[in-house]
Amino acid sequence: MFTGIVAAIGEVRSVSGGGGETAELRIRGPWPDLETGESTAVDGACLTIVSCARDGTFAATASSETLRRTTLGRVRAGAKVHLERAMRLSDRLGGHMVTGHVDAVGRVVSAQDAGGGTRRLVVEIPSALSDQVVEKGSIAVDGVSLTVNSVADCTGGLLRFEAAIVPHTAAATKFGAIRAGAEVNVETDVIAKYVQRALGRGPAQGLTLEALQAAGFVGGGRER
């Protein structure tokens with residue numbers, strides 16, 4: 001489990017394997033105390049460390065599913081990646097609950113300056129995830145916890161959401177220089193997934209007021 005507060009930007013040193021099968025990524029990070037078997041989020045994807053060195057370099061294996069469902073299937077040596085170590089139960093939850101299980105690869109539609117060092121980021125994702133993305137809810141983009149400012153349906157079975165990149169996030173992540181057309185790993189809020197599952201509804205169906213009342217999440221004119 002992670003918080004979506006990126007701790008460092010690492011560099012991919014090498015990628016071996018791939019081609020639809022598993023691949024080993026060797027990444028240089030800042031932590032000399034990493035341990036084999038530890039979980040680390042790489043651009044939002046949870047990977048298990050299989051070897052590590054005292055200079056912070058570690059190797060992790062990405063499965064065929066991870067390569068297919070995330071941008072790691074196209075990552076190359078020299079690429080910069082967001083890194084976060086798994087949270088401890090005693091840690092502050094500064095962002096939100098992030099599992100590291102990426103739902104889809106999104107595309108950056110625009111990344112514009114909004115004044116005061118803030119950037120306005122618009123990302124396009126499959127509309128099948130629409131029930132799990134709500135205004136003022138949380139979402140992880142390349143492992144970074146962001147607040148959804150607005151959501152809008154668009155043509156072609158796609159959904160767009162907007163989030164603000166504040167100056168600290170712009171400086172501490174790759175988002176200070178991200179441009180339109182970039183691919184990003186997107187993970188929706190895990191709580192929304194469980195609510196949807198509890199209601200027995202598919203990803204393309206909406207969570208209506210009637211459905212929420214029937215499931216006991218809303219009733220008698222007030223939230224329970």
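Guide: One definition to start: strands here are DSSP runs of E, at least two residues, numbered from the N terminus. Also, this is a predicted model.

Visitor: Fine. Where does Arg-92 lie?
Guide: Arg-92 is in the loop between β6 (80-85) and β7.

Visitor: Is Arg-92 buried or exposed?
Guide: Exposed, because its relative accessible area is 78% and the cut-off for exposed is over 50%.

Visitor: How far apart are the C-alpha atoms of Arg-92 and Thr-3?
Guide: They are separated by 8.6 Å. Along the chain, the two residues are 89 residues apart.

Visitor: What about Met-97, where is its place?
Guide: Met-97 also sits in the loop between β6 and β7. Its relative accessibility is 34%, so Met-97 counts as partly exposed.

Visitor: New topic. Where is Ser-110 found?
Guide: In strand β7, residues 104-115. Ser-110 is buried, at 14% relative accessible area.

Visitor: What does Ser-110 touch, not counting residues up to four places away in sequence?
Guide: Arg-120, Leu-121, Val-122 and Ala-180.

Visitor: And Asp-142, buried or exposed?
Guide: Buried, because its relative accessible area is 3% and buried means under 20%. Asp-142 lies in the loop between β9 (138-141) and β10 (144-154).

Visitor: Which residues is Asp-142 in contact with, leaving aside neighbours within four places in sequence?
Guide: Asp-43, Gly-44 and His-82 are among them. The list also includes Lys-174, Phe-175, Glu-183, Val-184 and Asn-185.

Conventions: Residues numbered from 1 in each chain as written. Predicted model: local features only at pLDDT ≥ 70, side-chain atom pairs only at ≥ 80, totals over all residues. Heavy atoms only, no water. Helix = DSSP H or I, 4+ residues; strand = E, 2+ residues; numbered from the N terminus. Buried < 20%, exposed > 50% of the residue type's maximum accessible area, 1.4 Å probe, protein only. Contact = heavy atoms within 4.5 Å.
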